Amino acid sequence: MNMVKQTNSPYVLTGRITNMQNEPLEGLIVRAFDQDPKTPENPLGQEAITDAEGRYTIEFTSKDFRVGGVESGGPDVFIRVYDGEKML
């Protein structure tokens, strides 16, 4: 489950990565993106590494998804998870 909350300035994306048996996966790279019709993949914040519980946190600001000042509402967030350079 991923959750995006807006705090004072940055947005905070948190989540937990597990395997099919609901066991946490440590050491994976998580990257967040904003998807819009005109700009299909805007990176959001810095990538995160999952901890021993499979949890990660990514912080970003509206500057990350308001490309050219064109954005109605908040970000349309999706994530990609990598083991090294291999996308899972």
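Two rings of Phe, Tyr or Trp count as an aromatic pair if their centres lie within 6.5 Å, and such a pair is called stacked when the planes are under 30 degrees apart. With that in mind, we can walk through this structure, which is a predicted model, and see where such pairs occur.

Let us begin with the chain as a whole. The chain has one helix and seven strands, and, read along the sequence, these elements follow the pattern β-β-β-β-β-α-β-β. Of the 88 residues in the chain, 28% are buried. Among contacts between residues at least 6 apart in sequence, 53% join residues that are at least 24 apart.

Four of the strands form an open sheet, with antiparallel pairing and the order β4-β3-β6-β7. Its edge strands are β4, which covers 42-49, and β7, which covers 86-87, and each of these pairs on one side only. Strand β6, made of residues 77-83, pairs with β7 in the antiparallel sense over two bridges, and here Y82 stands opposite M87 in β7.

A search of the whole structure finds two aromatic pairs. In one of them, the rings of Y11 and F60 have their centres 5.3 Å apart and their planes at 5°, so the pair is stacked. Because Y11 lies in strand β2 (residues 11-16) and F60 in strand β5 (residues 55-60), this pair ties together parts that are 49 residues apart in sequence. Are these two residues buried or exposed? Since buried means under 20% relative accessible area, Y11 counts as buried at 10%, and F60 is likewise buried, with a relative accessible area of 2%.

The other pair is formed by F33 and F78, and it is stacked as well, with 5.3 Å from centre to centre and 20° between the planes. F33 lies in strand β3 (residues 29-34) and F78 in strand β6, so the pair ties together parts that are 45 residues apart in sequence. With a relative accessible area of 9%, F33 is buried.

Rings can also have a charged group placed over them, and F33 is an example, for the charged end of R80 sits over its ring, 5.2 Å from the centre. Y82, the residue that stands opposite M87, has R31 lying over its face, at 4.4 Å from the ring centre.

Note on methods: Residues are numbered from 1 along each chain as its sequence is written. This is a predicted model: local features need pLDDT of at least 70, side-chain atom pairs count only at pLDDT 80 or more; totals for chains, interfaces and linings use all residues. Side-chain values use heavy atoms; hydrogens and water are left out. Two strands pair if DSSP finds at least two bridges between them. Rings of Phe, Tyr and Trp (its six-membered ring) pair if their centres lie within 6.5 Å; planes under 30 degrees apart count as stacked, over 60 as edge-to-face and the rest as tilted. Buried means under 20% relative accessible area, exposed over 50%, partly exposed in between (1.4 Å probe, protein chains only). A charge sits over a ring if NZ of Lys or CZ of Arg is within 6 Å of the ring centre and within 35 degrees of the ring normal. Contact means heavy atoms within 4.5 Å.
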